Amino acid sequence: MTTAGQPRKLRVGIIISGGGSNMAALVAATKRADFPAEAVLVLSNRADAGGLAKATAAGVPAVVISHKGFPDRERFEMALHAELVRHGVELVCLAGFMRLLTPWFIGQWKNRMINIHPSLLPAYPGLHTHARALRDGVKLAGCTVHFVREEMDTGPVVAQAAVPVLAGDTPDGLAARVLAAEHRLYPHALDLVASGRTRIVTREDGGEQVEILGEAAPPAAMIWPRTA
Ligand code: GRF
C-alpha cells in the first residue's frame, strides 16, 4: 500500500516503433484510479514514431533509442534494458515494436514482457497476417496478447479477441477492425497480468499455458457467419 492507502501500481514500460495506438489505449487505461498498473516510460527505436507525441501529450516520458546508433542488436538492447531499469519498469509491453529481440533481452524479461499480435496465434505469426487470413478464407480473425518467448510470436497466451471476417474485406479493412479489438484486448490483458490474476503453468507435454484466476463462465460460442 502507498502512504495514501492505495494499492501500489505495477510500473509498466511500453516499447513502440510506430503510430502507438495500442500504447495510447494502454496509457488511457492506466489513468483509471482502480487500474493496477501505471505507464512510467514509452520507448521507441524510431524518432519518427507517431506514438512519441501521444505519449508526451498523455504525460508519459517518451525516449528514443535508435537501433541505428549501435553496432549490433545486443548493444541496442542493452541500452533499452538500461533505460527500462532506470525507470524502475517491472513489466514490459511491446506495442507495435518492429525489431526482433535476442534471447538475452527476452531472458532478462522472462514472464515480465507481453506482446500484442494481430492474429489468433498460433495461426499467422509474423507479418501480413490479415492478407494471409483473407487468402485462406478464414471466417474469424483476431488478436492475441501473450508472454514473450524466444521464437517470434510464441509464448503463453494471456487473452485473445475474435473478429469476424466480412465478405469483401480488404487487408486494410480487416486490419482496422482487428485494431479496434486490440485496443480493448490489450488493456484487459494488462489488467489481468498486473493484478496478479495470471499464472503460467507448464503442462505435462511441455507446453505452457496461462491460468486466469477468477475466470468467469464463458459466453456462448461466437458463430460467424450468421444470416438474418
Ligand atoms: C498492431 O496491429 C499490433 O498488433 C502490431 O502492430 C500494430 C501496431 O499498431 N504488432 P500501433 O502502433 O499500436 O497503432
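Good morning, colleagues. Please keep in mind throughout that this is a predicted model.

Seven strands make up an open sheet, and their order across it is 3-2-1-4-5-6-7. The pairing within this sheet is mixed. Which strands stand at the edges here? They are strand 3, residues 62-64, and strand 7, residues 157-164. Each of these has a single partner strand, so one side of each is left without a neighbour in the sheet. From one strand to the next, the twist averages 20°.

Let me take one pairing as an example. Strand 1, residues 10-16, and strand 4, residues 91-94, run parallel and are joined by four bridges. Within that pairing, Ile14 has Cys93 in strand 4 as its bridge partner.

I now turn to helix 6, which connects the sheet with the helix contacts that follow. Helix 6 lies across strand 1, strand 2, strand 4, strand 5, strand 6 and strand 7. Relative to strand 7, helix 6 runs at about 155°.

Two further helices pack against helix 6, and I shall take them in turn. The axes of helix 1, residues 21-30, and helix 6 come within 9 Å and cross at roughly 45°.

Helix 5 packs against helix 6, residues 171-194, at an angle of about 115°, and their axes are 9 Å apart. That makes helix 5 roughly perpendicular to helix 6. This crossing, too, is right-handed. From helix 5, the residues involved are His130, Ala131 and Leu134, and they meet Pro171, Leu174, Ala175 and Val178 of helix 6. The contact of helix 5 with helix 6 comprises six nonpolar residues, one polar residue and no charged residue.

Is His81 buried or exposed? His81, which lies in helix 3, residues 73-86, has a relative accessibility of 15% and so counts as buried. Setting aside neighbours within four places in sequence, His81 is in contact with Trp104, Phe105, Gln108 and Trp109.

Thr202 belongs to strand 8, residues 198-202. Thr202 has a relative accessible area of 57% and is exposed. Apart from neighbours within four places in sequence, its contacts are Gly207 and Glu208. Thr202 and Pro156 are separated by 46 residues in sequence, while their C-alpha atoms are 9.5 Å apart in space.

Finally, I draw your attention to some backbone details. In general, most peptide bonds are trans, and most residues other than glycine have a negative phi. Where are the cis peptide bonds to be described here? One runs from Leu121 to Pro122, with omega near 10°. Pro122 is placed in the loop between strand 5 and helix 5. Another runs from Trp224 to Pro225, with omega near 5°, and Pro225 is found in the segment after strand 9.

Asn111 has phi near 65° and lies in the loop between helix 4 and strand 5. With a relative accessibility of 35%, Asn111 counts as partly exposed. Asp153 has phi near 60° and sits in the loop between strand 6 and strand 7. Asp153 has a relative accessible area of 16% and is buried.

Thank you for your attention.

Terms used: Residues numbered from 1 in each chain as written. Predicted model: local features only at pLDDT ≥ 70, side-chain atom pairs only at ≥ 80, totals over all residues. Heavy atoms only, no water. Axes fitted to C-alpha atoms, helices over the stretch in contact; angles between N-to-C directions. Helix = DSSP H or I, 4+ residues; strand = E, 2+ residues; numbered from the N terminus. Parallel < 35°, antiparallel > 145°, perpendicular 65-115°, else oblique. Left-handed = near helix turned anticlockwise from the far one by under 90°. Contact = heavy atoms within 4.5 Å. Nonpolar A, V, L, I, M, F, W, Y, C, P; charged D, E, K, R; others polar. Buried < 20%, exposed > 50% of the residue type's maximum accessible area, 1.4 Å probe, protein only. Pairing = 2+ DSSP bridges.
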